[in-house]
Amino acid sequence: MNKRTRFVVLLAVLALCFVFLWPSISWYGRTPKELQQLALGSTENIKSYAELQAAEDVREIKELVRQDASAVLPENYAWIKKEVAKQYKVLGKKLSNPLQLKDVLSAYDSEAEFMAIFQKNYRNKILKAKRYYENSVKLGLDLSGGMNIIVKADLDAALESMGDSVTSENRADVKKEAMSNAIDNLASRIDRFGLTSPVIRQQGEDRIYIEIPGAAQADAINTLIMGKGILNFRLVDSNATNAFKLYYAQHPATTFNATGDLMDSSIIPDDCEVFGVYTKDEYGLDERYDWLVVKKEVALDGQHVQSAQVRSDEFTNQPEVVFNLDSEGAQIFAEFTGAHVGENLAIVSDNKVKSNARIQTAITGGSVSLSGGFSYDEAENIRKVLQTAWLNVPLEVESQQVIGASLGDAAIRQGYMAIILGLGLILVFMLIFYKASGINAVVAQVLNLFIMFSVLSALNYTLTLSSIAGMILTIGMAVDANVLVFERIKEELRQGKSRSAAISMGFDNALWAILDSNITTFIAALFLATLGTGAVQGFAVSLAIGVISSVFTALFVSRLMFDFDTDVFKAKKVSIGWGIK
């Protein structure tokens, strides 16, 4: 490979690394703190924030128009000029300059359409920052602070509460399903609480490991973990629902306040509440697609549900959800459905409507079938909602460790100082001992760190103190390759060889020694990364990445720099140590 090709390869590698590192640079260096806090919230919280902020902005612009419709659009809304210009182009109208407030409102047919532009602006800005975070290097608990919780699930108590429905044959399967249900419930609660990128996974047979980076209140988290989802059945007020939807379509910005409560409670009857109707999107998140007004009075509590399953209708072959009630629930449900045939019944879980079905006839016997053209996924989601009512697993916080943000900041500073001090001392030594050739080692070490961080960013890696330790060790090991090459070059120069020959022979003779030492280190790191966990795995991964990048910089980059001096600057001698001419 000639020098020009090697130079092009180096530029390509550095460009690719910069692309990998850009999300981390954007997140930690270019994203304001307040935007970071929004982006770290749950997707549901981001959506709610965008809706509420959009509603406030629309109300503000409408008030400004009321005061002076001919006033110029304020600078803080300058971004909307492009959107308004697009709309005027579609309408075939000419846009005034400067843009006046009345021109902004006249570009849209309805308030809902106008508010959607503001919501889109907030959503795109926050989700863009969230994508930066998701594709950047993460900070572990020991660097960012947060909580580390181990929760014990009492599976035996859950099985006892199910009574005779558990047999020796299905005991293991029920335990597995109960554990899966507990993890799903915790994930849903924590995501709804808006916590920062939590890690939730099963540990052993009956324990759940939860890792929550960032500041969090221990009492609030414990309440969240110990709490149970509220599931009940409520009668739908169809007339109130239709009236509310009509009102909301005309006044989307003034229906709800910043906390999500109705600004005018008189738009629905006093004995009713309005909830969003939700389904699962392709990411498994709750997505609101409609509104429903339901009675405050609970028709049936979810604690009466004993089991739920998805099966195919024997006539239509369509998926349907079948659930069974206990004896008390069966009697309550039979009386209620008999009195409300032809009306709709909603399944409400955690103040969200998960299903809305028409009562076709009085349902007796305690076996209830829900159908209505569900897809299999929709039916499965409803089953999971019902499952939370009967397969409740008692949870107990077994251990909890809180790491303060100040400790995390101190650890980051110490890590920075360790890397800078270690790198600085090594580079000073190389410059003193190997003179001008030490510059090659300096450049190689800097690029080595750049490549390491880039790969970690590309892998969305979580950086911990043990990972930093692996980097520091890599810095010391990486310079060893330069030392081997430099010493072999010095040997060739002492034998009277020319600069070009000495450099070529030095790299060739040192190649296998460098590869042998680094391959053995990489194999050890690979085993540690595969078999180890936690801090050991973090150390091993950063070490393995560092080994590969250090070999590349020592053999490829450093060689290119030597050849560049020889061919471009026409250097005849090598400044590589004391006593070498």
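Residues are numbered from 1 along each chain as its sequence is written, and side-chain values use heavy atoms, with hydrogens and water left out. Since the model is predicted, local features need pLDDT of at least 70 and side-chain atom pairs count only at pLDDT 80 or more, whereas totals for chains, interfaces and linings use all residues.

The secondary structure of the protein chain comprises 18 helices and 14 strands, where helices (H or I, at least four residues) and strands (E, at least two) are DSSP runs numbered from the N terminus. Of the 581 residues in the chain, 44% are buried, a term that denotes under 20% relative accessible area, with exposed standing for over 50% and partly exposed for values in between (1.4 Å probe, protein chains only). The accessible surface amounts to about 30000 Å², and 56% of it belongs to carbon and sulfur atoms; such areas come from the Shrake-Rupley method with a 1.4 Å probe, and for residues only the protein chains shown count as cover. When contacts (heavy atoms within 4.5 Å) between residues at least 6 apart in sequence are considered, 73% join residues at least 24 apart.

Leaving aside residues up to four places away in sequence, Ile489 touches Ala502, Ile503, Gly506, Phe507, Phe562 and Ile576.

On the surface, Ile519, Ile523, Phe527 and Leu531 form a nonpolar patch with about 430 Å² of accessible area together. Patches of this kind are made of residues with over 30% relative accessible area and no salt bridge, nonpolar side chains (Val, Leu, Ile, Met, Phe, Trp, Tyr) being joined within 5 Å and like charges within 9 Å; a salt bridge is a side-chain nitrogen of Lys or Arg within 4 Å of a carboxyl oxygen of Asp or Glu.

Thr255, in the loop between α11 (238–250) and β6 (272–280), counts as buried at 1% relative accessibility, and its side chain reaches the backbone oxygen of His251 at 2.5 Å. Beyond residues up to four places away in sequence, Thr255 touches Phe244, Tyr247, Tyr248, Asp261, Leu262, Met263 and Ile267. Glu320, found in strand β9 (residues 319–325), is buried at 6% relative accessibility, and a polar contact of 2.9 Å joins its side chain to that of Ser369. A polar contact is a pair of N or O atoms within 3.5 Å; within protein, one must be able to donate a hydrogen and the other to accept it, and residues adjacent in sequence count only if both atoms are side-chain atoms.

Finally, Phe114 in helix α6 (residues 111–134) is buried, with a relative accessible area of 2%. Phe114 and Ala54 stand 60 residues apart in sequence and 9.3 Å apart in space, C-alpha to C-alpha.
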